[in-house]
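Here is a short report on one protein model. Keep the sequence and the 3D view open while reading.

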Amino acid sequence: MKYIEPHGHMVSRTTDDYQKMAMAGCEAICEPAFWAGYDRASVQGFYDYFRQLTEYEPARAAKFGIPHFCWLCINPKESEDAGFAREVLSLIPEFIDKPTVLGIGEIGLNKNTKNELAIFEEHVEIAKKYDQPILIHTPHLEDKLKGTKLIIDALKNAQVDPSRIVIDHVEEHTAGLVLDNGFWAGMTLYPESKCTPARAIDILENFGMENIWMNSACDWGISDPLAVAKTALEMGKRHYDKSTIERVVYQNPKTFLSNCPNFKI
Ligand SMILES: [Zn+2]
């Protein structure tokens, strides 16, 4: 079954993972800029990371026949030092026109602090200035609902088109809020913590199959780069037909990503 991995942190994965994803039917991988498993000590560290995302990782993915795209930003986890974050933001214009860049992301909130929110709003201004879609990270656990509300308020204040924004890591208590306000919603699948495949399908059954995607994050922690493909199998076990499954794992991300002029498969 063909599918798109719309949110995978491939810089932390091995070539074996690329091979497995290619064999499972992955037609494209989109990699948001995020925390790399450690705090970078300098702005130069981000410069190198943006080069990795825009040059090296697409070449690595191409060896397995998978187109690789990316989103650019400084993530909220490393945005607490606003001066440092602004220096990183100043690098984005140099990379924004690279041929595989999709937009600004994954921006958002981690601990819902004032500084994180300020840097979030500055990213949104960059997205507006360069007419870019946005991919958003919402905080985990008890900070998620409050953080999601803060993010939606900030986006409304900035008057950006919600149909060009995907708010990721939604769960049962935030999916409705995101979708009802006209945004796209993403569900992040993890084998142990957060959203398991079975729980994600329950969420689809409660909130519908429109304007929603699933991703595996496949990052530096315990995560499964095949989580989307495994969830498609799980949907089959629940007797969803092939076209419904393909709509969720392939057509929906493709539809959202058509907002990004550089996205081509
Ligand atoms: Zn992520």
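## The second largest pocket

The second largest pocket holds about 190 Å³ of space. This is a predicted model. The lining of this pocket is made up of Met1, Tyr3, Ala24, Leu226, Ala229, Lys230, Ala232, Leu233, Lys242 and Ile245.

Two helices each supply at least two of the lining residues: H9 (227-237) and H10 (242-257). H9 gives the most, with four residues. By class, the lining has eight nonpolar and two charged residues, and no polar ones.

## The largest pocket

The largest pocket has a volume of about 460 Å³. Its lining counts 25 residues. Nearest its centre lie Phe34, His137, His140, Tyr190 and Lys194.

## The cavity

How many cavities of 30 Å³ or more does the structure hold? There is one. The volume of the largest cavity is about 40 Å³.

Residues from several parts of the sequence line the largest cavity: His140, Lys144, His169, Val170, Glu171, Thr188, Tyr190, Lys194 and Cys195. They divide into three nonpolar, three polar and three charged. His140, Tyr190 and Lys194 line this cavity, and these residues are also among those nearest the centre of the largest pocket.

## The zinc site

Which protein atoms are donors of the zinc ion? They are NE2 of His7, NE2 of His9 and OE of Glu106. These donors lie 2.0 to 2.1 Å from the zinc ion.

Along the chain, the donors follow the spacing H-x1-H-x96-E. Both histidine donors, His7 and His9, are buried.

## The chain as a whole

The protein chain has ten helices and eight strands. Its C-alpha trace spans about 50 × 40 × 30 Å along the principal axes. The radius of gyration is 17 Å. A compact globule of 265 residues would have a value near 18 Å, so the chain agrees with that expectation.

Buried residues make up 55% of the 265 residues.

Note on methods: Residues numbered from 1 in each chain as written. Predicted model: local features only at pLDDT ≥ 70, side-chain atom pairs only at ≥ 80, totals over all residues. Heavy atoms only, no water. 1 Å grid on protein atoms, 1.4 Å probe; cavity = no way out; pocket = protein on both sides within 12 Å on 5 of 7 lines; lining within 4 Å. Points joined across faces, edges and corners; volume = space filled by probe spheres on them. Nonpolar A, V, L, I, M, F, W, Y, C, P; charged D, E, K, R; others polar. Donors = N, O, S within 2.8 Å, 3.2 Å for Na, K, Ca; no water. Buried < 20%, exposed > 50% of the residue type's maximum accessible area, 1.4 Å probe, protein only. Rg over C-alpha atoms; globule rule 2.2 N^0.38 Å.
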